[in-house]
Amino acid sequence: MPNIKNTIKSSTETPTEHKSNGSAHRALTAPTKLGNMQLTNRIVMAPLTRSRSTAGDNLQTPLHAVYYAQRASAGLIVSEATQISPQGQGYAWTPGIFTDQQVAHWRVVTDAVHSAGGRIYCQLWHVGAISHQVFQPHNARPFSASEFQPEGEAFVGDLLPEGPTVPHPKAQAMSLEDIDNVKRDYRHAAKCAKEAGFDGVEIHAANGYLLDQFIRSSVNKRDDQYGGSVENRLRLLEEVIDVIAQEIPRNNIGVRLSPTGGPGGSFDDDPQSTYIAAAKAVSGKSVVYLHVVRPNNHTGDGSGIEQGNQLLKDMRAAFSGMFIANGEFTPEEAAKWIENKDTDAVAFGRLFLANPDLPARIAQDGPYNEPNEETFYGGGSEGYVDYPSLDDAKSAK
């Protein structure tokens with residue numbers, strides 16, 4: 001499997017060196033409530049694309065059940081990004097949540113997590129322009145808010161002889177009928193997630209994917225009710241929340257936003273105004289949490305961290321529900337954010353990938369396993385379910 005870390009979508013990266021101040025465990029391991037659910041701690045497992053689903057039908061396997069159950073001590077697990085339809089896929093070997101077979105295979109995963117005492121939300125994903133014809137029904141060009149040529153390349157795995165990565169084609173602008181179809185797809189996927197046993201869903205409106213393409217001014221050039229003003233560019237996200245709420249209570253719906261970064265090179269001309277408005281709009285829809293990614297080295301060039309920190313705090317002030325911060329946080333920095341009431345919980349990506357019992361390790365201030373980047377995407381159990389826990393390390397002595 002080639003190293004495709006700059007091509008494939010993942011969640012945020014956490015540095016592997018951590019200096020303990022001895023206090024991280026107190027804030028992060030304190031229990032809290034998410035809607036009507038009691039969470040054992042404020043440590044969230046961030047959505048992490050691992051590209052290990054079956055080819056063709058995009059199914060989870062028993063290995064996924066082991067992987068997620070190993071990490072069930074998280075206060076909340078957010079699943080890897082999961083496409084809501086064939087049109088929503090943009091990467092090889094990523095899971096779906098729109099067929100009966102996919103529901104049945106995800107059910108094995110959620111049952112394993114619940115048996116281990118965990119909570120898990122399904123991240124609902126439509127990549128929009130960050131795709132390729134090879135994934136699209138009838139080999140069509142991908143859809144976006146407007147015609148848009150993403151930078152970079154699509155990860156197509158072994159689907160094309162010139163792969164594993166090929167340039168993104170120019171996406172086509174969605175018609176109003178296309179938009180209505182996508183909303184129906186979101187509702188159907190939410191229904192499927194409920195049937196699969198998930199505790200709730202997270203709407204992926206971040207990282208430059210479809211809903212974010214509607215939000216960001218560099219992509220959205222529409223002149224109808226979905227373009228122009230910030231209010232119009234937020235309209236589709238709000239409507240998606242409303243259609244999902246016909247299947248799942250708002251108390252079990254979260255939203256993910258990212259003011260900067262992501263594949264494709266999209267951006268907003270005024271992220272400060274746009275994403276504070278987005279936080280207010282999402283708050284007005286009474287969803288249970290807002291999950292926001294700050295600038296970091298994995299979804300961008302890592303620049304603008306100070307401005308990014310302030311924007312996260314401003315978005316937190318604009319949102320009335322639980323706020324989850326994300327983006328290369330160490331446990332010590334995460335604890336300070338919680339202690340200062342700048343966030344309610346923190347999502348960890350790579351640190352959780354390499355440390356299945358991360359809450360236990362944070363509780364005792366480490367030590368932490370080092371993640372192996374060569375096994376992040378694709379493959380089998382190596383680098384997926386074989387990272388040792390603290391108990392494993394003790395028994396090996």
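# A walk through the predicted model

The protein averages a pLDDT of 93, and 91% of the residues score at least 70. pLDDT is the predictor's confidence in each residue, from 0 to 100. This is a predicted model: local features need pLDDT of at least 70, side-chain atom pairs count only at pLDDT 80 or more, and totals for chains, interfaces and linings use all residues. Residues are numbered from 1 along each chain as its sequence is written, and side-chain values use heavy atoms, with hydrogens and water left out.

Strand E6 (residues 120-125) has the highest, at a mean of 99, and helix H13 the lowest, at 76. Helices (H or I, at least four residues) and strands (E, at least two) are DSSP runs, numbered from the N terminus. Over residues 1-21, pLDDT stays under 50. The model has 79 contacts for this stretch beyond four places in sequence; contact means heavy atoms within 4.5 Å.

Now turn to the rings. A search of the whole structure finds 12 aromatic pairs. Rings of Phe, Tyr and Trp (its six-membered ring) pair if their centres lie within 6.5 Å; planes under 30 degrees apart count as stacked, over 60 as edge-to-face and the rest as tilted. Tyrosine 67 and tyrosine 384 are stacked, because their ring centres are 4.1 Å apart and their planes at 10°. Tyrosine 67 lies in helix H2 (residues 62-70), and tyrosine 384 in the loop between helix H12 (358-363) and helix H13 (390-396), so the pair ties together parts that are 317 residues apart in sequence. Tyrosine 67 is buried, at a relative accessible area of 0%. Tyrosine 384 is buried too, also with 0%. Buried means under 20% relative accessible area, exposed over 50%, partly exposed in between (1.4 Å probe, protein chains only).

Tyrosine 68 lies in H2 and tryptophan 106 in helix H3 (residues 100-115), so parts 38 residues apart in sequence are tied together. Both tyrosine 68 and tryptophan 106 are buried. Ring pairs link Tyr67, Tyr68, Trp106, Phe198 and Tyr384 into a cluster.

Charges meet rings as well. Arginine 294 lies over the face of phenylalanine 329, at 3.7 Å from the ring centre. Lysine 313 lies over the face of tryptophan 337, at 5.0 Å from the ring centre. A charge sits over a ring if NZ of Lys or CZ of Arg is within 6 Å of the ring centre and within 35 degrees of the ring normal.

Next comes helix H8 (residues 271-284). Its 14 residues reach 19 Å from first C-alpha to last, close to the 20 Å expected at 1.5 Å a residue. The expected span is 1.5 Å times one less than the number of residues. Buried residues in H8 include Tyr275, Ile276 and Val282. The buried residues of H8 pack against several elements, among them helix H7 (235-244), strand E13 (289-293) and helix H9 (305-318). After H8 comes serine 286, whose phi is positive, near 60°.

Finally, find asparagine 220 in the loop between H5 and H6. Asparagine 220 is buried, with a relative accessible area of 5%. A polar atom of its side chain lies 3.0 Å from the backbone nitrogen of arginine 222. Not counting residues up to four places away in sequence, asparagine 220 touches residues including Ala145, Phe214 and Arg233.

Notes. A polar contact is a pair of N or O atoms within 3.5 Å; within protein, one must be able to donate a hydrogen and the other to accept it, and residues adjacent in sequence count only if both atoms are side-chain atoms.
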